[in-house]
Amino acid sequence: MNTFKRTLAVFLATSSIALAVPLAANAGPMMGGGMEGGCGKGWSEMRGGQRDGVPPMMKNLKLTPEQQTTISELRKQDSALIGEKYQSMRDSRAQLHEMAKKGEYDEAKVKALTEQGAQAMAEMAQLRARQHHQIMAVLTPEQREKLAAQRDAMMKRWEKKRGERPGPAA
């Protein structure tokens, strides 16, 4: 019977890991994954770029010095606010994780923390969307086309790497 219990324990542990890996791989910012990474640095910082400079993807668009300056300024203007929202999101996630680790559950506190995290995420997305729109307005039509082509190529590489196929067009 001891062998059965050991086999069952190994099976359950292995199954848990097998189920957790895909979830962790697809986790969004509230789950500890996503584009911002889990180490507290933004994506461009992890890739060696600056958070408020010209994004690495725009380096080969042949930007004029004026465009580079304008884009850098646009990114700087919201950088601190985006950082605050990101930190708020991380803090609420950390508090939820700590509650789970301790085995505590307070419905009101969980609701408040998840709403706080969701609000921070929504505000961060709004800031980024506005910033993206402002940056696109600085680019010429040719530069926008080239950037869109680069993004499409990057997404195709990403999908191929992950082995996913795009869903049906809606």
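## Overall fold

Contact means heavy atoms within 4.5 Å. In the protein chain, residues 24 or more positions apart account for 65% of the contacts with a separation of 6 or more.

This is a predicted model, in which local features need pLDDT of at least 70 and side-chain atom pairs count only at pLDDT 80 or more, while totals for chains, interfaces and linings use all residues. Residues are numbered from 1 along each chain as its sequence is written, and side-chain values use heavy atoms, with hydrogens and water left out.

The protein chain has 5 helices and 0 strands, where helices (H or I, at least four residues) and strands (E, at least two) are DSSP runs numbered from the N terminus. Along the sequence the pattern reads α-α-α-α-α. Of the 170 residues in the chain, 24% are buried (buried is under 20% relative accessible area, exposed over 50%, partly exposed in between, with a 1.4 Å probe and protein chains only).

## Helix 3 against helix 4

Two packed helices are described by the angle between their axes and the distance between the axes. Helix 3 (residues 65-102) and helix 4 (residues 107-138) pack at about 165°, with their axes 9 Å apart. The axes are lines fitted to C-alpha atoms, for helices over the stretch in contact, and angles run from 0 to 180 degrees between N-to-C directions. Helix 3 and helix 4 are therefore roughly antiparallel, a label for angles over 145 degrees.

By class, the contact of helix 3 with helix 4 has 16 nonpolar, 11 polar and 7 charged residues. Ala, Val, Leu, Ile, Met, Phe, Trp, Tyr, Cys and Pro count as nonpolar, Asp, Glu, Lys and Arg as charged, and the others, Gly among them, as polar.

## Buried residues of helices 4 and 5

The buried residues of helix 4 include V110, L113, G117 and A120. The buried residues of helix 4 pack against helix 3 and helix 5.

Helix 5 (residues 141-162) has Q143, L147, Q150 and E159 as its buried residues. Among what covers them are helix 3 and helix 4. Helix 5 is followed by G163, which has a positive phi near 75°.

## A loop residue

Most residues other than glycine have a negative phi. K62 is not a glycine, yet its phi is positive, about 55°. K62 lies in the loop between helix 2 (43-46) and helix 3, and K62 counts as exposed because its relative accessibility is 72%.

Key: Parallel < 35°, antiparallel > 145°, perpendicular 65-115°, else oblique. Expected span 1.5 Å × (residues − 1).
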